Amino acid sequence: MSAQTHTAARAQALLRRRGALTPLILVMGFIGASLRYLLECAMPANGGFPLATLVINIFGCFVLELVNQYVGRRMHLPGALVKSLGVGLVGAFTTISAFSTECLAFLQAGEVGLWAAYITATLATTFLASLAGHATCRGLDACRLARIERRRDAIHRAHAARRARMMREVDPAKGQARTKFTQDWATRNTDDAATSSSRAEEGEKR
């Protein structure tokens, strides 16, 4: 077993321990909250439309669908790691509380149009993001299945080529053995005929 394989096996064993979920959720939550803070700093609302919150929730819905439908079912990762990705990373990154607070702030400010537009945009885009995540998972499944089929075909072709090569190696050996047998048989018949002729000549001399 190589050092890399041994390290991977140890990591999987650690992730499958009973108490592995709590520290994983803490780490993933820290990463998700930090990413959300950086994105909010990059796109400040400044009293206008909260674009950062909308983008965060859209991206979170897309990633959560990938985690639930593909990472958790197809990649055979430890359950604690998959759950920490959903609950910790995506859960800390997305924010329904900020969405609700911002909607209430629009109503309190009398911005009914912004309030309606924000709710409509959030519901529509997050739903479409989940659909896009589901479609991406199906595409990844199709690519994975095609890759497995190509690998299987390559194995079959390799076996067929090896079988053909073995047959080509066996056939000359059979031909050589057949030729040698024919030559031996012809030599033996010639020797027998010569022996019979010499005996016949000796008999005639007598």
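This report looks at one helix pair and some aromatic rings in a predicted model.

## Ground rules

Residues are numbered from 1 along each chain as its sequence is written, and side-chain values use heavy atoms, leaving out hydrogens and water. As the model is predicted, local features need pLDDT of at least 70 and side-chain atom pairs pLDDT 80 or more, while totals for chains, interfaces and linings use all residues.

## Two helices side by side

Let's start with helix α3 (residues 51-74) and helix α4 (residues 79-93), whose axes sit 10 Å apart at an angle of about 175 degrees. So α3 is roughly antiparallel to α4 (that label is for angles over 145 degrees).

Who touches whom? On the α3 side, the residues in contact (heavy atoms within 4.5 Å) include Ile 56, Phe 59 and Val 63, and they meet α4 residues including Val 82, Leu 85 and Phe 93.

## Rings that pair up

The structure holds four aromatic pairs (ring centres within 6.5 Å; planes over 60 degrees apart count as edge-to-face). One of them is Phe 49 with Tyr 118: their centres are 5.4 Å apart and their planes at 80 degrees, so the pair is edge-to-face. Phe 49 lies in the loop between α2 (21-42) and α3, and Tyr 118 in helix α6 (residues 112-205), so the pair ties together parts 69 residues apart in sequence. Tyr 118 is buried, at 0% relative accessible area (buried means under 20%, exposed over 50%, partly exposed in between, with a 1.4 Å probe and protein chains only). Phe 49, at 30%, counts as partly exposed.

Phe 59 and Phe 93 also pair edge-to-face, 6.1 Å centre to centre with 80 degrees between the planes. Phe 59 is in α3 and Phe 93 in α4, so this pair ties together parts 34 residues apart in sequence.

Notes. Axes fitted to C-alpha atoms, helices over the stretch in contact; angles between N-to-C directions. Helix = DSSP H or I, 4+ residues; strand = E, 2+ residues; numbered from the N terminus. Parallel < 35°, antiparallel > 145°, perpendicular 65-115°, else oblique. Phe/Tyr/Trp six-rings, centres within 6.5 Å; stacked < 30°, edge-to-face > 60°.
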